[in-house]
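Here is a short report for a reader new to this structure. It goes from the terms to the whole chain, then to single residues.

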Amino acid sequence: MKLKHLLPALTGVVMLGLWYGIHLSINPEHRFVLPSPGDVIAAFAVHGRQLWSATGVTGVAALIGFLASAVVSFALALGLSLSPLVRASFYPYLMMLQMTPIIVFAPILIMWVGPGLPSVALITFLICFFPLVVNTTQGLVSTDHNLVDLFRLYRARKRQEVWLLRVPAALPYYLTGLRIAATLAPIGAIVGDLYAGSSAAGSSGLGYLTLMYSANAEMGPLFATAALCCLLGGIFVMVVVALNWWVLHKWHDSFTRTDG
């Protein structure tokens with residue numbers, strides 16, 4: 001096994017050692033503010049059922065919002081790319097809404113659909129939607145004009161131009177948007193849960209647990225919650241990265257081109 005394959009594990013060991021060292025260097029009276037890795041593991045033993053249940057709730061909300069944004073954004077981007085007039089009418093507003101903090105709409109969404117999973121999934125959808133639709137639209141309208149002219153020279157139908165040329169050419173843009181959305185989906189679900197989550201047993205997510213543990217100064221469980229947030233985000237990103245490789249690795253330059 002090469003050294004570079006061991007480096008992440010070695011780095012992790014060093015970081016754990018530094019964590020322990022900093023924990024021990026703090027005055028014992030204030031040491032609770034930075035629990036040791038052992039305290040975090042102990043929190044999983046004590047609060048494991050609650051923590052994993054909340055992770056499932058947040059994961060479901062993130063997945064619903066992510067998948068809905070993936071489908072709706074692609075359909076809307078396709079419509080925007082087919083009509084310059086429609087694109088000129090709506091694209092500036094999409095850009096403007098992309099820069100708007102979606103969380104300011106949380107109180108409105110709670111009034112519309114109620115607290116809990118519906119609001120959290122809708123907040124996640126809105127956070128993921130705008131990067132996806134903007135990226136995909138850009139990809140669909142950026143197709144090589146020489147190839148477009150070639151399709152039209154051979155009298156290809158519009159749907160053939162769209163599905164055989166524009167959509168494949170836009171896939172890297174769409175998948176880049178998916179990677180951004182995969183990063184944002186767990187964040188959106190957690191932040192949405194902070195504002196619109198439900199405290200009902202079995203329906204509280206990681207955001208609600210963060211508020212609860214923070215209010216009670218339970219630092220071990222709070223760090224355990226943070227670890228699960230990182231795990232959830234990592235799973236989303238790894239799945240999209242794998243999808244990106246599966247779709248593009250046989251033909252796209254980012255995978256097929258070799259330097260030198």
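## Terms and basis

Buried means under 20% relative accessible area, exposed means over 50%, and partly exposed lies in between (1.4 Å probe, protein chains only). This is a predicted model, where local features need pLDDT of at least 70, side-chain atom pairs count only at pLDDT 80 or more, and totals for chains, interfaces and linings use all residues. Residues are numbered from 1 along each chain as its sequence is written, and side-chain values use heavy atoms, with hydrogens and water left out.

## The whole chain

The protein chain has ten helices and zero strands. Helices and strands are DSSP runs, numbered from the N terminus (H or I, at least four residues, for helices; E, at least two, for strands).

The radius of gyration of the protein chain is 23 Å, whereas a compact globule of 260 residues would have one near 18 Å. That radius is taken over C-alpha atoms, and the globule rule is 2.2 Å times the number of residues to the power 0.38. Along the principal axes, the C-alpha atoms fill a box of roughly 80 × 55 × 25 Å.

## Burial and contacts

Of the 260 residues in the protein chain, 36% count as buried. Contact means heavy atoms within 4.5 Å. Take the contacts with a separation of 6 or more: 72% of them join residues 24 or more positions apart.

Ser119 sits in helix H5, which covers residues 117-141. Its relative accessible area is 0%, so Ser119 is buried. Leaving out residues up to four places away in sequence, Ser119 touches Leu109, Ile110, Val113, Gly114 and Ala196. A polar atom of the Ser119 side chain lies 2.4 Å from the backbone oxygen of Gly114.

Thr137 is also in helix H5. Thr137 has a relative accessible area of 1%, so it counts as buried. Neighbours within four places in sequence aside, Thr137 is in contact with Ala77, Leu80, Arg87 and Tyr91.

## A loop residue

Where is Phe105? Phe105 lies in the loop between helix H3 (84-98) and helix H4 (106-113). Phe105 is partly exposed because its relative accessible area is 30%. Phe105 and Ile123 are 18 residues apart in sequence, and their C-alpha atoms are 8.3 Å apart in space.

Technical notes:
Polar contact = N/O pair within 3.5 Å; in protein donor to acceptor, adjacent residues only side chain to side chain.
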